[in-house]
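Student: Let's go through this model by question and answer. Please show it first.

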Amino acid sequence: MSKLETLSRIKEIGIVAVVRAKDAKEAIEFSKGCIDGGVNAIEITFTIPNALEVFRELREELPEEVILGAGTVLDITTARLAIMNGAKFIVSPAFDKDVAVLCNRYQIPYIPGCVTPTEIVTALEIGVDVIKVFPGSLTGHSYIKAIHGPMPYVNLMPTGGVDIDNVQDWFKAGVFAVGVGSALVKGSREEITEKSKQYIAKIQEVRK
């Protein structure tokens, strides 16, 4: 899958499930719950013990339409390991120039966390295609329109502060997609599947 195809798929799905778990087994169950409910963009965070094991197992089992990405990537070593093990996009809580350059080299989307206009412009100048507005709970959905005033071309993906009650507000404000962690990825596999369906339905509704 090319970089452009990955970005297009994330935008089409509209939501990236941010998976944090106590171990690889739990992370795999959480991920499958999201996928069962139609959330086919999964961010496996490197706070999970043996995160690479999660990549290897999911990559073998899942259909091609599922996009696996790596989250909480803080350095180029972690980014390279993730890419070698099948990560199709890389997410960081903050912008890192070296990670951006590495991802550009391998044509892998890099989605760094930024808040201020200065951080956003710095990331754009290095070739970042999508900005993770993090934490979204700090800014609120009104921040999206504020940034799009002077920079209407910026693709913004808030993470943190997005839940089932406000997800439509974020899309009405003009987001590229949203990242959702514990508001989605928590509970049993069946509960996560049901919540995933609810998120997908709300996103599709607001996009109409």
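Student: In which loop is P135 found?

Tutor: First, the ground rules: this is a predicted model, where local features need pLDDT of at least 70, side-chain atom pairs count only at pLDDT 80 or more, and totals for chains, interfaces and linings use all residues. Residues are numbered from 1 along each chain as its sequence is written, and side-chain values use heavy atoms, with hydrogens and water left out. Elements are DSSP runs numbered from the N terminus (helices H or I, at least four residues; strands E, at least two). P135 is found in the loop between β6 (130–133) and α7 (136–139).

Student: What kind of peptide bond joins F134 and P135?

Tutor: Most peptide bonds are trans. Here omega is about -5 degrees, and the bond joining F134 and P135 is cis.

Student: Is N50 buried or exposed?

Tutor: N50 sits in the loop between β2 (41–45) and α3. Its phi is positive, about 60 degrees, although N50 is not a glycine. Buried means under 20% relative accessible area, exposed over 50%, partly exposed in between (1.4 Å probe, protein chains only). At 55%, N50 is therefore exposed.

Student: What is the phi of Q107?

Tutor: Q107 lies in the loop between α5 (97–105) and β5 (110–114). With a relative accessible area of 47%, Q107 is partly exposed. Q107 is not a glycine, yet its phi is positive, at about 55 degrees.

Student: Why is K32 classed as buried?

Tutor: K32 belongs to helix α2 (residues 24–36). Contact means heavy atoms within 4.5 Å. Beyond its neighbours within four places in sequence, K32 touches L58, E61 and R189. K32 counts as buried because its relative accessible area is 15%.

Student: At what angle do the axes of α2 and α10 cross?

Tutor: Residues in the contact include K32 of α2 and R189 of α10. Axes are lines fitted to C-alpha atoms, for helices over the stretch in contact, with angles from 0 to 180 degrees between N-to-C directions. The axes of α2 and α10 (residues 189–207) come within 7 Å and cross at roughly 35 degrees.

Student: How much space lies in the largest pocket?

Tutor: On a 1 Å grid over the protein atoms alone, a pocket is an open set of points where a 1.4 Å probe fits, with protein on both sides within 12 Å along at least five of seven lines; lining residues have an atom within 4 Å of a point. L58, R59 and K88 are among the lining residues. Volume is the space filled by probe spheres set on the points, which are joined across faces, edges and corners. For the largest pocket, that is about 170 Å³.
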